[in-house]
Amino acid sequence: MNTATPSRASLLLAFAAVYVIWGSTYLGIRFAIESMPPLLMAGSRYALAGAALYGFMRLRGEPAPTWRGWGVALVIGICLLAFGNGGVTLGEQYIPSGLASLLAATVPMFLAVLGWWSGVAQRPTPAVALGLVCGLGGVYLLARTPGASHVALPGHEALGMGLVLTAALVWAIGSLYSKRHQPSPSPFLSGGMQMLCGGLVMLVVGLIRGEANGFELAQVTTKSWVAYGYLVTFGSIVAFTAYIWLLRAVEPALAGTYAFVNPVVAVLLGWAFAGEALNAGMLGGAGLIVLAVALVVLGGRRPAKTT
């Protein structure tokens, strides 16, 4: 394994990718599903990105994964992508992209609690516990002040928030599972396998839901096609690859800071480019959730023991 210290420029570019690009994907999803069925859009997005990344790594000489590896990739892909991203995509039919991003920022809080209960992580510190309380308060404020922004299917804010929170929970479960089970020694090949499996599952579920009934490619707007292309290339391949590289280059807690930067980016972009509401209740909820995730991620870092 290459142990060379990464350059500052490489680190800055990678962090810029996971901070800005992942934060912008919430708005990209909203634009894409304006004229595309949600799960067919998300499933094809990840299936294409996964196939491209997997094929590229195999051409570079990575060995073929085992059947067991594909099974692990299927489990992680279902948790992280089919439930995680699919739930967010469905939720954005009912709630604004900024609100969805803030609710999705509860992932580290779920990780702290479930990791402790499952024995994967240590007991939360007082700072983490305070973060959990702040996070619950933030979600409460958001639930009381759903934005008045345009959404595809208005009038079902509670359903949308429930979908995104469930997506965050299952994403956390899949993340904990992936700590002890990897499809391949190569994180890049593993990423391609997970995206391919998760994307295909979403496509199947989308077809079962009847999303293809009456859908024609001719009805897809230019804005949705541009957003879709952005999600496939930048949102899936570039940002995801940058993130898994960061996991090797820096401490996981530092790489995980994307979780509380993405919501800020998403809310500001939704307000600036999609006319999404930015009221006092949402700002208060946003502040509490950002504070909560910061406490959970940074408060969980314990100094290494010396012997």
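Q: If a salt bridge is a side-chain nitrogen of Lys or Arg within 4 Å of a carboxyl oxygen of Asp or Glu, how many salt bridges does the structure hold?
A: This is a predicted model, so local features need pLDDT of at least 70, side-chain atom pairs count only at pLDDT 80 or more, and totals for chains, interfaces and linings use all residues. Residues are numbered from 1 along each chain as its sequence is written, and side-chain values use heavy atoms, with hydrogens and water left out. The number of salt bridges in the structure is 3.

Q: Is Arg30, a salt-bridge partner of Glu34, buried or exposed?
A: The side chains of Arg30 and Glu34 meet with N to O at 3.9 Å. Buried means under 20% relative accessible area, exposed over 50%, and partly exposed in between (1.4 Å probe, protein chains only). Glu34 is partly exposed at 38%, and so is Lys223 at 42%. Arg30 has a relative accessibility of 10%, so it counts as buried.

Q: Which residues do salt bridges with shared partners join into one network?
A: Look at Arg209 and Glu211, whose closest N and O atoms are 2.3 Å apart. Arg209 is partly exposed at 45%, while Glu211 is buried at 10%. The network formed through shared partners consists of Arg30, Glu34 and Lys223.

Q: Beyond its neighbours within four places in sequence, which residues is Phe273 in contact with?
A: Phe273 lies in helix α11 (residues 258–273) and is exposed, with a relative accessible area of 60%. Its C-alpha atom is 8.6 Å from that of Leu27, 246 residues away along the chain. Counting contact as heavy atoms within 4.5 Å, the partners of Phe273 are Leu27 and Phe31.

Q: How do α4 and α11 lie relative to each other?
A: Axes are lines fitted to C-alpha atoms, for helices over the stretch in contact, with angles from 0 to 180 degrees between N-to-C directions. The axes of α4 (residues 97–104) and α11 come within 8 Å and cross at roughly 170°. Angles under 35 degrees count as roughly parallel, over 145 as roughly antiparallel, 65 to 115 as roughly perpendicular and the rest as oblique. The two helices are therefore roughly antiparallel.

Q: Which residues of α11 meet Ser97, Gly98, Ser101 and Leu102 of α4?
A: Ala, Val, Leu, Ile, Met, Phe, Trp, Tyr, Cys and Pro count as nonpolar, Asp, Glu, Lys and Arg as charged, and the others, Gly among them, as polar. The α4 residues meet α11 in the contact, whose residues divide into 4 nonpolar, 4 polar and no charged. The α11 residues are Pro263, Ala266, Val267 and Gly270.

Q: How do α2 and α3 lie relative to each other?
A: Two packed helices are described by the angle between their axes and the distance between the axes. The axes of α2 (residues 38–59) and α3 (residues 67–91) come within 10 Å and cross at roughly 140°. This makes α2, relative to α3, oblique.

Notes
Helix = DSSP H or I, 4+ residues; strand = E, 2+ residues; numbered from the N terminus.
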